[in-house]
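The sequence and the structure come first.

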Amino acid sequence: MVLLLLSLGFGVVSVPFVLGDADSWDMVGHLSHAAMQREMLPQLVFWNPYFFSGYEQFTAYPPLLSLLVALLSLALGLTGAFKLVTVISWVALPASIYFLQRSVLEERPALVGTILTSLILVLFPQQIGGTLFSTLVVGNVANALGLVLFTLGLGFIIRNEYRRAIPLLELLALSHMIAAVVLALVIGAKWVCERRGWSLLLGYGLAAFWLVPALFDTFRDVSTHDDYPLTAVEYGLYALMLIGYLAVRRARPDRNLDFLVLASGILFFLVGVLRYLA
């Protein structure tokens with residue numbers, strides 16, 4: 001019931017977006033990409049001449065959002081399709097967050113965590129991705145869609161359901177590359193903790209042609225971004241995460257989640273190193 005009310009609440013706050021023109025900030029770029037993709041269907045790879053001096057489509061924005069909007073626009077029109085994908089990505093967040101919380105916590109703490117996270121997403125005025133302002137005002141829809149895929153994927157990883165997590169990782173790579181690289185690191189950290197050396201070597205070896213360049217490109221970009229938080233804030237948040245995990249670990253002596261600490265440590269180390277190199 002609580003989860004349904006949260007989803008309805010997310011739907012209610014999206015009404016101004018639905019009634020608007022969907023033409024602010026990044027929305028224009030997403031609509032332009034989707035319009036170009038619809039015009040070129042069924043061709044998926046082509047030259048887009050309308051940004052700067054032209055470039056190959058999907059070397060800036062990942063393709064999943066544009067493909068979804070382009071295909072749905074055949075029935076709903078471009079703006080209608082974009083609004084539908086945006087609202088679904090936004091309204092699906094409480095359920096996906098709850099799914100992740102339930103992978104770790106009992107029902108009541110998971111509901112409390114989902115409510116607090118939902119309040120942060122609605123009230124926190126940041127534009128990087130996942131919040132109401134970012135999704136429904138700025139138009140970072142790929143970020144919201146990627147957050148849904150990421151939380152579901154991480155939940156399945158915690159539950160050891162890799163057959164469901166890997167397809168979500170593949171979709172995430174088509175939606176938001178930074179989140180996909182983070183989820184790939186999480187899977188690697190879990191395999192390290194499980195001492196699955198051959199799986200680690202084979203999985204990362206097959207993915208190395210895109211994962212290694214993506215790792216350096218995305219985190220080099222993140223580590224040099226003007227809006228990126230200060231190092232003290234980063235490590236302060238990591239310390240809070242670690243303390244919270246240790247508290248859960250003490251209440252539930254289960255080593256199944258140790259990989260999250262390892263993955264967070266690797267992530268912060270990589271960002272710090274790439275900031276120094278950049």
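## Overall make-up

Two residues are in contact when heavy atoms of theirs lie within 4.5 Å. Among contacts in the protein chain between residues at least 6 apart in sequence, those joining residues at least 24 apart make up 65%.

The model is predicted. Its secondary structure comes to 14 helices and two strands. Of the 278 residues in the protein chain, 42% are buried.

## Helices α1 and α7

Two packed helices are described by the angle between their axes and the distance between the axes. For α1 and helix α7 (residues 107–123), the angle is about 5° and the axes are 11 Å apart. Angles under 35 degrees count as roughly parallel, so α1 is roughly parallel to α7.

On the α1 side the contact is made by Val2, Leu3, Leu6 and Phe10, and on the α7 side by Leu111, Thr114, Ile115, Ser118, Leu121 and Val122. By class, the residues of this contact of α1 with α7 are eight nonpolar, two polar and no charged.

The chain has four aromatic pairs. One of them joins phenylalanine 10 and tryptophan 90, with 4.3 Å centre to centre and 25° between the planes. Planes under 30 degrees apart count as stacked, and therefore this pair is a stacked one. The pair links distant parts of the chain: phenylalanine 10 is in helix α1 (residues 2–13) and tryptophan 90 is in helix α5 (residues 78–91), 80 residues apart.

Are the two residues buried or exposed? Phenylalanine 10 has a relative accessible area of 3% and is buried. Tryptophan 90 is also buried, at 0% relative accessibility. Phenylalanine 10 also takes part in the contact of α1 with α7.

The axes of α5 and helix α9 (residues 141–158) come within 9 Å and cross at roughly 40°. This angle makes α5 oblique to α9. The crossing of α5 past α9 is left-handed. Phe82, Thr86 and Ser89 in α5 meet Val141, Ala144, Leu145 and Val148 in α9.

At what angle does helix α4 cross α9? The axes of α4 (residues 63–76) and α9 come within 9 Å and cross at roughly 105°. That value falls in the range of 65 to 115 degrees, which means that α4 is roughly perpendicular to α9. Leu64, Leu65 and Leu68 of α4 make the contact with Val141, Ala142, Leu145 and Leu149 of α9. The residues of this contact of α4 with α9 are seven nonpolar, no polar and no charged.

## Valine 85

Valine 85 is found in helix α5. With a relative accessible area of 6%, valine 85 is buried, because buried means under 20%. Leaving aside residues up to four places away in sequence, valine 85 touches Leu65, Leu68, Val69 and Leu72. The C-alpha atoms of valine 85 and leucine 68 are separated by 7.5 Å, and the two residues are 17 residues apart along the chain.

## Backbone features in loops

Most residues other than glycine have a negative phi, and most peptide bonds are trans. The peptide bond from leucine 41 to proline 42 is cis, with omega near 5°. Proline 42 is in the loop between α3 (27–40) and β1 (47–48).

Which loops hold tryptophan 25 and asparagine 160? Tryptophan 25 lies in the loop between α2 (15–19) and α3, and its phi is positive, near 50°. Asparagine 160 lies in the loop between α9 and α10 (162–173), with a positive phi near 65°. Asparagine 160 is partly exposed, at a relative accessible area of 40%.

## Aspartate 258

Aspartate 258 lies in helix α14 (residues 258–277). Aspartate 258 is buried, with a relative accessible area of 15%. The C-alpha atoms of aspartate 258 and alanine 189 are separated by 8.9 Å, and the two residues are 69 residues apart along the chain.

Key:
Residues numbered from 1 in each chain as written. Predicted model: local features only at pLDDT ≥ 70, side-chain atom pairs only at ≥ 80, totals over all residues. Heavy atoms only, no water. Phe/Tyr/Trp six-rings, centres within 6.5 Å; stacked < 30°, edge-to-face > 60°. Helix = DSSP H or I, 4+ residues; strand = E, 2+ residues; numbered from the N terminus. Buried < 20%, exposed > 50% of the residue type's maximum accessible area, 1.4 Å probe, protein only. Axes fitted to C-alpha atoms, helices over the stretch in contact; angles between N-to-C directions. Parallel < 35°, antiparallel > 145°, perpendicular 65-115°, else oblique. Left-handed = near helix turned anticlockwise from the far one by under 90°. Nonpolar A, V, L, I, M, F, W, Y, C, P; charged D, E, K, R; others polar.
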